[in-house]
Amino acid sequence: MTMSHKIVFFGNERLATGVTTTAPTLRALIDAGYNVVAVVIAQDPTSRSRKARPLEIAEIAGAAGIPVLTPPKLAEIKDELASLQADAGVLAAFGKYVPSSIINLFPYGIVNIHPSLLPKHRGPTPLESVILAGDLETGVSLMQLVAHMDSGPIFAQETVRLEGNETKQALADQLLATGAAMLISYLPSILSGTLTPQPQDETRAQYDEKIAKDAGTLTGETWHKPVAELDRAVRAYAGWPRSRTNVAGTDIIITRAHIGSGYGAVGTLWIAEKSFGVQAIDGVLVIDALIPAGKKEMPASAFLAGYQLPRQP
(Lines give C-alpha, C1' and ligand atoms only; values in the text may rest on other atoms or scores of the structure.)
Protein backbone atom coordinates (compact mmCIF):
# COMPACT_ATOMS: atom_id res chain seq x y z
CA MET A 1 0.00 0.00 0.00
CA THR A 2 2.72 2.48 0.96
CA MET A 3 4.57 2.32 -2.35
CA SER A 4 1.55 3.86 -4.09
CA HIS A 5 1.74 6.96 -1.92
CA LYS A 6 4.08 9.71 -3.01
CA ILE A 7 5.57 11.88 -0.25
CA VAL A 8 7.49 15.17 -0.38
CA PHE A 9 9.66 15.69 2.70
CA PHE A 10 10.23 19.23 4.02
CA GLY A 11 12.96 20.04 6.55
CA ASN A 12 16.40 19.02 7.76
CA GLU A 13 15.38 17.24 11.00
CA ARG A 14 17.63 19.45 13.12
CA LEU A 15 15.09 20.30 15.80
CA ALA A 16 17.17 23.13 17.27
CA THR A 17 20.11 25.28 16.31
CA GLY A 18 23.40 23.62 17.18
CA VAL A 19 22.21 19.99 17.15
CA THR A 20 22.95 17.19 14.71
CA THR A 21 20.61 14.48 13.48
CA THR A 22 20.57 11.02 11.97
CA ALA A 23 17.38 12.00 10.08
CA PRO A 24 15.31 9.14 11.51
CA THR A 25 12.06 10.43 9.99
CA LEU A 26 13.27 10.32 6.41
CA ARG A 27 14.94 6.97 7.05
CA ALA A 28 11.71 5.59 8.52
CA LEU A 29 9.67 6.71 5.51
CA ILE A 30 12.15 5.07 3.14
CA ASP A 31 12.32 1.88 5.20
CA ALA A 32 8.51 1.70 5.37
CA GLY A 33 8.35 1.74 1.59
CA TYR A 34 6.92 5.18 0.99
CA ASN A 35 7.82 6.76 -2.33
CA VAL A 36 9.65 9.90 -1.21
CA VAL A 37 9.84 11.86 -4.47
CA ALA A 38 11.72 14.93 -3.17
CA VAL A 39 13.35 16.43 -0.09
CA VAL A 40 12.96 20.19 0.27
CA ILE A 41 15.28 22.00 2.67
CA ALA A 42 15.51 25.66 3.53
CA GLN A 43 19.29 25.66 3.58
CA ASP A 44 21.89 25.00 0.92
CA PRO A 45 23.51 21.61 1.76
CA THR A 46 26.76 22.88 0.18
CA SER A 47 26.84 26.20 2.01
CA ARG A 48 29.87 28.35 1.30
CA SER A 49 30.35 29.02 4.98
CA ARG A 50 33.43 27.19 6.20
CA LYS A 51 31.74 26.68 9.56
CA ALA A 52 28.54 25.21 8.12
CA ARG A 53 28.01 21.54 8.87
CA PRO A 54 26.87 19.42 5.92
CA LEU A 55 23.20 18.56 6.23
CA GLU A 56 22.79 14.94 7.20
CA ILE A 57 19.42 14.68 5.49
CA ALA A 58 20.87 15.73 2.13
CA GLU A 59 23.43 12.93 2.35
CA ILE A 60 20.74 10.37 3.18
CA ALA A 61 18.47 11.61 0.39
CA GLY A 62 21.35 11.48 -2.07
CA ALA A 63 22.24 7.93 -1.10
CA ALA A 64 18.60 6.92 -1.68
CA GLY A 65 18.46 8.67 -5.04
CA ILE A 66 15.92 11.25 -3.84
CA PRO A 67 16.18 14.73 -5.43
CA VAL A 68 17.08 17.50 -2.97
CA LEU A 69 15.56 20.93 -3.60
CA THR A 70 16.94 24.05 -1.87
CA PRO A 71 14.87 26.99 -3.14
CA PRO A 72 15.34 30.46 -1.61
CA LYS A 73 11.53 30.67 -1.63
CA LEU A 74 9.03 27.83 -1.92
CA ALA A 75 7.03 29.80 -4.49
CA GLU A 76 9.92 29.33 -6.91
CA ILE A 77 9.36 25.55 -7.03
CA LYS A 78 5.56 25.49 -6.88
CA ASP A 79 5.22 24.18 -10.43
CA GLU A 80 7.94 21.58 -9.87
CA LEU A 81 6.23 20.35 -6.71
CA ALA A 82 2.88 20.24 -8.47
CA SER A 83 4.37 18.12 -11.25
CA LEU A 84 5.43 15.48 -8.71
CA GLN A 85 1.75 14.79 -7.95
CA ALA A 86 2.55 13.76 -4.39
CA ASP A 87 -0.23 12.64 -2.06
CA ALA A 88 1.10 14.37 1.03
CA GLY A 89 3.98 16.27 2.52
CA VAL A 90 5.81 15.48 5.73
CA LEU A 91 7.58 18.30 7.57
CA ALA A 92 10.20 18.07 10.32
CA ALA A 93 12.20 21.21 11.21
CA PHE A 94 11.77 23.13 7.97
CA GLY A 95 12.38 26.50 9.58
CA LYS A 96 10.51 28.69 7.12
CA TYR A 97 6.92 29.72 6.49
CA VAL A 98 4.99 27.40 4.18
CA PRO A 99 2.21 29.28 2.34
CA SER A 100 -1.24 27.85 1.66
CA SER A 101 -0.46 27.75 -2.05
CA ILE A 102 2.14 25.04 -1.33
CA ILE A 103 0.12 23.18 1.31
CA ASN A 104 -2.84 22.97 -1.07
CA LEU A 105 -0.76 21.13 -3.66
CA PHE A 106 -1.15 17.95 -1.61
CA PRO A 107 -4.50 16.14 -1.47
CA TYR A 108 -3.80 15.06 2.14
CA GLY A 109 -1.96 18.24 3.09
CA ILE A 110 1.35 18.39 4.94
CA VAL A 111 1.86 16.49 8.20
CA ASN A 112 4.04 18.46 10.60
CA ILE A 113 6.02 16.74 13.35
CA HIS A 114 6.31 19.39 16.08
CA PRO A 115 8.49 18.68 19.16
CA SER A 116 6.17 19.91 21.90
CA LEU A 117 2.75 19.25 23.38
CA LEU A 118 0.84 21.83 21.40
CA PRO A 119 -0.59 24.37 21.99
CA LYS A 120 2.31 24.77 24.45
CA HIS A 121 5.65 25.83 23.03
CA ARG A 122 4.65 26.98 19.59
CA GLY A 123 7.35 28.71 17.63
CA PRO A 124 11.00 28.18 16.71
CA THR A 125 12.57 27.15 20.04
CA PRO A 126 10.48 24.43 21.73
CA LEU A 127 13.47 22.37 22.90
CA GLU A 128 15.41 25.24 24.40
CA SER A 129 12.27 26.68 25.99
CA VAL A 130 11.31 23.40 27.66
CA ILE A 131 14.79 23.01 29.16
CA LEU A 132 15.00 26.65 30.26
CA ALA A 133 11.59 26.46 31.92
CA GLY A 134 12.48 23.30 33.82
CA ASP A 135 9.36 21.57 32.50
CA LEU A 136 8.67 18.07 33.82
CA GLU A 137 7.39 16.85 30.47
CA THR A 138 7.28 17.64 26.80
CA GLY A 139 6.32 15.56 23.80
CA VAL A 140 5.59 15.37 20.11
CA SER A 141 2.53 16.58 18.24
CA LEU A 142 1.59 15.17 14.85
CA MET A 143 -0.41 17.95 13.25
CA GLN A 144 -1.89 19.14 9.99
CA LEU A 145 0.14 22.06 8.72
CA VAL A 146 -1.73 25.33 8.19
CA ALA A 147 -0.52 28.78 7.19
CA HIS A 148 -0.50 30.03 10.81
CA MET A 149 2.43 29.02 13.00
CA ASP A 150 1.93 25.68 14.74
CA SER A 151 -1.82 26.19 15.03
CA GLY A 152 -3.13 23.35 12.85
CA PRO A 153 -5.37 20.56 14.13
CA ILE A 154 -3.67 17.62 15.83
CA PHE A 155 -3.72 14.00 14.67
CA ALA A 156 -1.91 12.56 17.68
CA GLN A 157 0.34 13.45 20.60
CA GLU A 158 2.78 11.52 22.75
CA THR A 159 4.14 12.72 26.08
CA VAL A 160 7.82 12.42 27.00
CA ARG A 161 8.75 12.67 30.68
CA LEU A 162 11.86 14.69 31.52
CA GLU A 163 14.51 13.83 34.09
CA GLY A 164 15.71 17.42 34.46
CA ASN A 165 19.22 16.79 33.19
CA GLU A 166 18.59 16.51 29.44
CA THR A 167 20.97 18.20 27.05
CA LYS A 168 19.54 19.84 23.95
CA GLN A 169 21.13 17.18 21.73
CA ALA A 170 19.80 14.27 23.80
CA LEU A 171 16.31 15.77 23.87
CA ALA A 172 16.41 16.35 20.11
CA ASP A 173 17.40 12.72 19.54
CA GLN A 174 14.64 11.44 21.80
CA LEU A 175 11.88 13.59 20.29
CA LEU A 176 12.96 12.82 16.73
CA ALA A 177 12.83 9.09 17.41
CA THR A 178 9.41 9.48 19.01
CA GLY A 179 8.12 11.58 16.11
CA ALA A 180 9.40 9.17 13.46
CA ALA A 181 7.69 6.24 15.16
CA MET A 182 4.45 8.21 15.50
CA LEU A 183 4.51 9.19 11.84
CA ILE A 184 4.91 5.62 10.62
CA SER A 185 2.16 4.49 13.00
CA TYR A 186 -0.43 7.12 12.05
CA LEU A 187 0.40 7.98 8.44
CA PRO A 188 -1.64 5.10 6.93
CA SER A 189 -4.75 6.36 8.74
CA ILE A 190 -4.05 9.93 7.67
CA LEU A 191 -3.65 8.92 4.03
CA SER A 192 -6.78 6.80 4.13
CA GLY A 193 -8.78 9.67 5.60
CA THR A 194 -9.87 7.66 8.63
CA LEU A 195 -7.99 9.79 11.19
CA THR A 196 -9.58 13.17 11.76
CA PRO A 197 -7.38 15.83 13.38
CA GLN A 198 -8.74 17.73 16.37
CA PRO A 199 -8.46 21.54 16.73
CA GLN A 200 -6.11 23.01 19.29
CA ASP A 201 -7.36 24.96 22.29
CA GLU A 202 -6.35 28.49 21.33
CA THR A 203 -6.94 29.76 24.87
CA ARG A 204 -3.91 27.70 25.97
CA ALA A 205 -1.61 28.75 23.14
CA GLN A 206 1.94 29.63 24.19
CA TYR A 207 4.56 31.06 21.82
CA ASP A 208 8.30 30.83 22.38
CA GLU A 209 10.57 33.61 21.22
CA LYS A 210 13.72 33.32 19.16
CA ILE A 211 16.95 33.09 21.15
CA ALA A 212 19.31 36.04 21.00
CA LYS A 213 22.91 35.46 19.99
CA ASP A 214 24.16 36.77 23.35
CA ALA A 215 21.63 34.87 25.46
CA GLY A 216 24.30 32.53 26.82
CA THR A 217 26.71 35.23 27.98
CA LEU A 218 27.47 34.86 31.70
CA THR A 219 28.49 38.16 33.29
CA GLY A 220 28.78 39.43 36.83
CA GLU A 221 25.05 39.99 37.23
CA THR A 222 24.23 36.57 35.79
CA TRP A 223 25.78 34.77 38.76
CA HIS A 224 23.12 36.27 41.03
CA LYS A 225 20.63 33.83 39.50
CA PRO A 226 19.74 30.45 41.05
CA VAL A 227 22.29 27.81 40.06
CA ALA A 228 19.53 25.53 38.71
CA GLU A 229 18.63 28.24 36.21
CA LEU A 230 22.26 28.54 35.10
CA ASP A 231 22.55 24.76 34.72
CA ARG A 232 19.44 24.71 32.53
CA ALA A 233 20.88 27.50 30.39
CA VAL A 234 24.12 25.58 29.77
CA ARG A 235 22.10 22.59 28.55
CA ALA A 236 19.63 24.65 26.51
CA TYR A 237 22.29 26.78 24.81
CA ALA A 238 24.69 23.91 24.02
CA GLY A 239 25.85 24.11 20.41
CA TRP A 240 24.29 27.56 19.97
CA PRO A 241 24.44 30.26 21.19
CA ARG A 242 26.59 28.54 23.84
CA SER A 243 27.28 29.61 27.42
CA ARG A 244 30.24 31.95 27.46
CA THR A 245 32.08 33.55 30.35
CA ASN A 246 35.52 34.67 31.47
CA VAL A 247 37.53 32.76 34.05
CA ALA A 248 40.63 34.43 35.46
CA GLY A 249 41.17 36.42 32.28
CA THR A 250 40.45 33.55 29.87
CA ASP A 251 37.33 33.50 27.70
CA ILE A 252 35.69 30.08 27.80
CA ILE A 253 32.62 28.27 26.46
CA ILE A 254 31.01 25.98 29.03
CA THR A 255 29.93 22.77 27.30
CA ARG A 256 28.98 20.63 30.32
CA ALA A 257 28.24 21.53 33.92
CA HIS A 258 26.37 20.37 36.99
CA ILE A 259 25.04 21.83 40.23
CA GLY A 260 27.24 21.78 43.33
CA SER A 261 27.02 23.24 46.81
CA GLY A 262 29.07 26.23 47.85
CA TYR A 263 29.11 29.10 50.29
CA GLY A 264 31.38 31.76 48.80
CA ALA A 265 30.61 35.23 47.52
CA VAL A 266 28.51 35.34 44.37
CA GLY A 267 30.64 35.34 41.23
CA THR A 268 33.81 34.00 42.87
CA LEU A 269 35.71 30.96 41.64
CA TRP A 270 35.26 27.64 43.41
CA ILE A 271 38.28 25.40 42.83
CA ALA A 272 38.87 21.79 43.85
CA GLU A 273 41.67 19.40 42.95
CA LYS A 274 40.28 18.43 39.55
CA SER A 275 37.24 20.63 39.08
CA PHE A 276 36.18 24.23 39.37
CA GLY A 277 33.10 26.38 39.10
CA VAL A 278 31.56 29.74 39.83
CA GLN A 279 29.48 30.61 42.87
CA ALA A 280 25.86 31.50 42.08
CA ILE A 281 23.36 32.88 44.57
CA ASP A 282 22.45 29.47 46.03
CA GLY A 283 25.14 27.07 44.89
CA VAL A 284 28.03 26.47 42.52
CA LEU A 285 27.84 25.92 38.78
CA VAL A 286 30.53 23.24 38.55
CA ILE A 287 32.11 23.21 35.09
CA ASP A 288 32.75 19.70 33.78
CA ALA A 289 33.98 20.51 30.26
CA LEU A 290 34.80 23.69 28.39
CA ILE A 291 36.39 25.25 25.34
CA PRO A 292 39.03 27.90 26.13
CA ALA A 293 39.48 30.63 23.50
CA GLY A 294 41.41 29.23 20.55
CA LYS A 295 41.46 25.68 21.94
CA LYS A 296 39.47 22.48 21.60
CA GLU A 297 37.02 21.12 24.15
CA MET A 298 38.68 19.75 27.28
CA PRO A 299 37.66 18.47 30.71
CA ALA A 300 37.90 20.83 33.66
CA SER A 301 40.86 18.89 35.03
CA ALA A 302 42.90 19.60 31.86
CA PHE A 303 42.03 23.28 32.05
CA LEU A 304 43.18 23.43 35.66
CA ALA A 305 46.43 21.73 34.73
CA GLY A 306 47.21 24.12 31.88
CA TYR A 307 45.89 27.43 33.17
CA GLN A 308 46.80 29.28 36.30
CA LEU A 309 43.68 29.90 38.35
CA PRO A 310 43.80 31.77 41.65
CA ARG A 311 43.42 29.18 44.41
CA GLN A 312 41.27 29.87 47.42
CA PRO A 313 43.28 30.78 50.53
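Residues are numbered from 1 along each chain as its sequence is written. In this predicted model, local features need pLDDT of at least 70, side-chain atom pairs count only at pLDDT 80 or more, and totals for chains, interfaces and linings use all residues, while side-chain values use heavy atoms, with hydrogens and water left out. The pLDDT is the predictor's confidence in each residue, from 0 to 100. Its average over the protein chain is 93, and 95% of the residues score at least 70. Over residues 46–50 pLDDT stays under 50, and the model has one contact beyond four places in sequence for this stretch. A contact means heavy atoms within 4.5 Å.

The protein chain contains eight helices and 13 strands. Helices (H or I, at least four residues) and strands (E, at least two) are DSSP runs, numbered from the N terminus. Along the principal axes, the C-alpha atoms fill a box of roughly 75 × 45 × 30 Å. Of the 313 residues, 50% count as buried; buried means under 20% relative accessible area, exposed over 50%, and partly exposed in between (1.4 Å probe, protein chains only). Among contacts with a separation of 6 or more, 69% are between residues 24 or more positions apart.

Seven strands form an open sheet with mixed pairing, in the order E3-E2-E1-E4-E5-E6-E7. Strand E3 (68–69) and strand E7 (154–161) stand at the edges with a single partner strand each, so one side of each is left without a neighbour in the sheet. Two strands pair if DSSP finds at least two bridges between them. Strand E4 (residues 88–91) runs parallel to strand E1 (residues 6–10), to which four bridges join it. On E4's side towards strand E5 (residues 110–114), three bridges join the two strands, which are also parallel. Leucine 91 takes part in both pairings: phenylalanine 10 stands opposite it, and its bridge partner in E5 is asparagine 112. In a regular strand the side chains alternate between the two faces of the sheet. In E4, Ala88 and Val90 point one way and Gly89 and Leu91 the other way, and all are buried.

Valine 111 belongs to strand E5. It counts as buried because its relative accessibility is 1%. Beyond its neighbours within four places in sequence, valine 111 is in contact with Gly89, Val90 and Leu91, as well as with Leu142, Met143, Phe155, Leu183, Leu187 and Ile190. Its C-alpha atom is separated by 8.8 Å from that of alanine 92, 19 residues apart along the chain.

Helix H5 (residues 126–133) is largely enclosed by the rest of the structure, because six of its eight residues are buried. The buried residues are Pro126, Leu127, Glu128, Ser129, Val130 and Ile131. They pack against E5, strand E6 (137–144), helix H6 (168–192) and helix H7 (227–236). Glycine 134, which follows H5, has a positive phi, near 70°.
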